[in-house]
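Subject: Structure handover

Hello,

Here is the structure I promised to pass on.

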Amino acid sequence: MNKWKIAWRSIQQRGLASTLTGFSMALGVMLVVAVLVLHGVITNSFMNNSSLGYNIVVGAKGGRLDLVLNTVYYLARPVENIPYSFYQELTEGKYKQYVGTAIPICLGDTYQDFRVVGTSPGFLEELGYGGNKYVFADGRNFKADEFFGAVLGATVARETGLKVGDTFQPSHSGGPEAVIHNEKFTVLGILAPTGTPNDRAVIINMEGFYLIPEHRTDIDLATAKQLAAEGKFEPVPLDKREVTAVLVLTASFAGAPPELMAPPLIKSINEGNVAQAVTPIREMATLFTTFVDPLRIILLVLTVMIVIVSGIGILVSIYNSMSERQHEIAVMRALGAGRQTVMLLVLMESILLSLAGGLAGWVVGHGLIALLSPWIAAQTGVSVGFFQFVGYELVIIPGLILLATLVGYLPALAAYRTDVAKALQATP
Amino acid sequence: MLLLKDVKKSFREPDGNPLPILDIREFRVAASEQVVLMGRSGCGKTTLLHCIAGISKPDSGMVEIDGLDITRLSEAGRDLFRADKLGYVFQTFNLLPGFSALENVLLGMSFAGKGVDTARAKDLLGRVGLGHRLTHRPAALSVGEQQRVAVARALANRPKLLLADEPTANVDTAHQQQIIDLVRNTCRDENVALLLVTHTPEVAEQFERVERLENFNQAG
Ligand SMILES: Nc1ncnc2c1ncn2[C@@H]1O[C@H](COP(=O)(O)OP(=O)(O)OP(=O)(O)O)[C@@H](O)[C@H]1O
Ligand SMILES: [Mg+2]
């Protein structure tokens, strides 16, 4: 008989105690797997957005993180605007040489809980996300001359129930003093889920955005309302416009990565006194290391503690059984088993218990994630399946063996030290 | 086969004074010989068997088995020697409760480092009349059956010497004779020397050679 089988018999013999300790180990490992995978999901869904198809955000001078949170995540309090002329500087003015793609966005309105993003058709055509192009689950993008056309993110469509062809009225900045604008926008398209904040965005033609009377900067409100009531919508003159931010993908020359052009552009913009340029990836990385990383470490430490507690459970379970197995150990020794052999058998028992429990927990953990995956996908846009593995999981098996060896050491030592002559005399 | 010379063994009393248990000038068992060892309770019979088996180490003296003085071996060496050359049957609780009858026999083989011989294990169990009980756990066997498994296991590695410490103390008279016959016959078949401890005169009187420990033990 090989030693693993002998150790396994010993586990079988203490069926209930073994099952319970194995179960607690399974729970521990299940939690570790869940934390690891979910953390991976969160990181992905956050970091995905850093590859939104642009590498620089240009906006009003002020908080750098605020600008990024507003433009990339549609979070945080609104920021100031910059003149439309600055956008023109980027596309046809003094910064033209650095710029590959520049898309203006106008923020400030909401529809229900969702941010409204006024922009040009290029937002969905020229920018992508994580290397992908936007895909329409239904309908199509708005055209530049469809002033009141809109495209809804997947989450918006699902939660509001709006369909292609429906109309809706954005309101001004939410809250109790929210003003519901009179102008109706028509849903022309619905995006497939992207796993980016755009799932929660209401994307409208910025021409329409500018024509909302409360937004007009070229004429007074009364005149604007009058014109709107008559249905007379002429585009607002360019020199009267403002934008919240411009999303810029820097130019790439001769196949060189666009990032090369970013530092000179940022430097040049920041030297002026109109606007600031920030790198969303850098800002998000800073945010990540200050908030999310410590959280992850706390979670990991907690779950590792759970596994260690389960390990101690194994220690207690085996150690408690040591006095009753003194006689068994003595019999094995009388059959010629050496001290090292009986010690090894106890260690193997600990390893088997940890691994069996751990593997069960690992499978259940992934099963649970697979079960929860529709919900996770709905919340974050990141789809996870049973086979969503995280690099850290490679550590689980060696980690369990190490843990089992550590916790098995004490009872194994007791086995090693068994006084055979004495134990044989005592009746079990 | 077995030769003890000047074997001394004492235990410490709780107050720290040494309590001599064994002091044997010379004791021999020839190859294939069958010897009964008697003596009053507490006189040191079990202690003597432990010394022969290498489970305990005598304080001094020589224990030579098959030409090798095991007192000069390391503990690990004695373990291996025991697995290889000796069989041991205790009074009770010989078997490991988690293992079937067959597995108990195989277990004895696996520690000897010679590889397991399932055919021989089954054969031995057949010879002790338990060919139909191979997969039974000890709890599902009578005490007499357990002792028979223990005998089969003790002989599994083809030892030179079988030590049996009151193997029939816990079985009734009818089964007592069955086990004694079994031990004696299988030892004879396999050319194994036998040293059997008993308190029962009916058992002792069947043997050609009966030794009382008091007669050759200077201690106590
Ligand atoms: N570990 C020990 N420490 C101290 N004294 C011991 C120890 N083991 C045995 N003894 C003592 O040694 C003496 C011999 O014990 P042993 O078990 O060899 O007797 P025995 O002849 O086998 O008796 P029985 O016929 O009752 O089995 C006893 O007095 C016992 O109390
Ligand atoms: Mg005794």
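Some ground rules first. This is a predicted model, in which local features need pLDDT of at least 70 and side-chain atom pairs count only at pLDDT 80 or more, while totals for chains, interfaces and linings use all residues. Residues are numbered from 1 along each chain as its sequence is written, chains are lettered from A and ligands numbered from 1 in the order in which they are written, and side-chain values use heavy atoms, with hydrogens and water left out.

Helix pair

Look at α3 (residues 64-73) and α10 (residues 280-322), both in chain A. Helices here are DSSP runs of H or I with at least four residues, numbered from the N terminus. The axes of α3(A) and α10(A) come within 10 Å and cross at roughly 105 degrees. The two helices are therefore roughly perpendicular (65 to 115 degrees). From α3(A), the residues Arg64(A), Leu65(A), Val68(A), Leu69(A), Val72(A) and Tyr73(A) meet Pro280(A), Glu283(A), Met284(A) and Leu287(A) of α10(A). Eight of the residues in this contact are nonpolar, two are charged and none is polar. Contact means heavy atoms within 4.5 Å.

Cores

A nonpolar core is a set of buried Ala, Val, Leu, Ile, Met, Phe, Trp, Tyr and Cys residues joined through side-chain atoms within 4.5 Å. Buried means under 20% relative accessible area, exposed over 50%, and partly exposed in between, with a 1.4 Å probe and protein chains only. The largest core holds 116 residues. Leu2(B), Leu125(B) and Leu196(B) are among those with the most contacts inside it. Helix α12 (residues 339-380) of chain A gives the most to this core, with 10 residues. A second, separate core has 45 residues, including Tyr95(A) and Phe148(A).

Leaving aside neighbours within four places in sequence, Leu196(B) touches Val35(B), Ala164(B), Ile180(B) and Phe207(B), among others.

Two single residues

Thr418(A) sits in the loop between α13 (396-417) and α14 (420-425) of chain A. Thr418(A) is buried, at 3% relative accessible area. A polar atom of the Thr418(A) side chain lies 3.0 Å from the backbone oxygen of Ala415(A). Beyond four places in sequence, the contacts of Thr418(A) include Gln326(A), Arg333(A) and Arg339(A).

Asp84(B) belongs to helix α2 (residues 75-85) of chain B. Asp84(B) is partly exposed, at 24%.

Best wishes

Notes:
Axes are lines fitted to C-alpha atoms, for helices over the stretch in contact, and angles run from 0 to 180 degrees between N-to-C directions. Angles under 35 degrees count as roughly parallel, over 145 as roughly antiparallel, 65 to 115 as roughly perpendicular and the rest as oblique. Ala, Val, Leu, Ile, Met, Phe, Trp, Tyr, Cys and Pro count as nonpolar, Asp, Glu, Lys and Arg as charged, and the others, Gly among them, as polar. A polar contact is a pair of N or O atoms within 3.5 Å; within protein, one must be able to donate a hydrogen and the other to accept it, and residues adjacent in sequence count only if both atoms are side-chain atoms.
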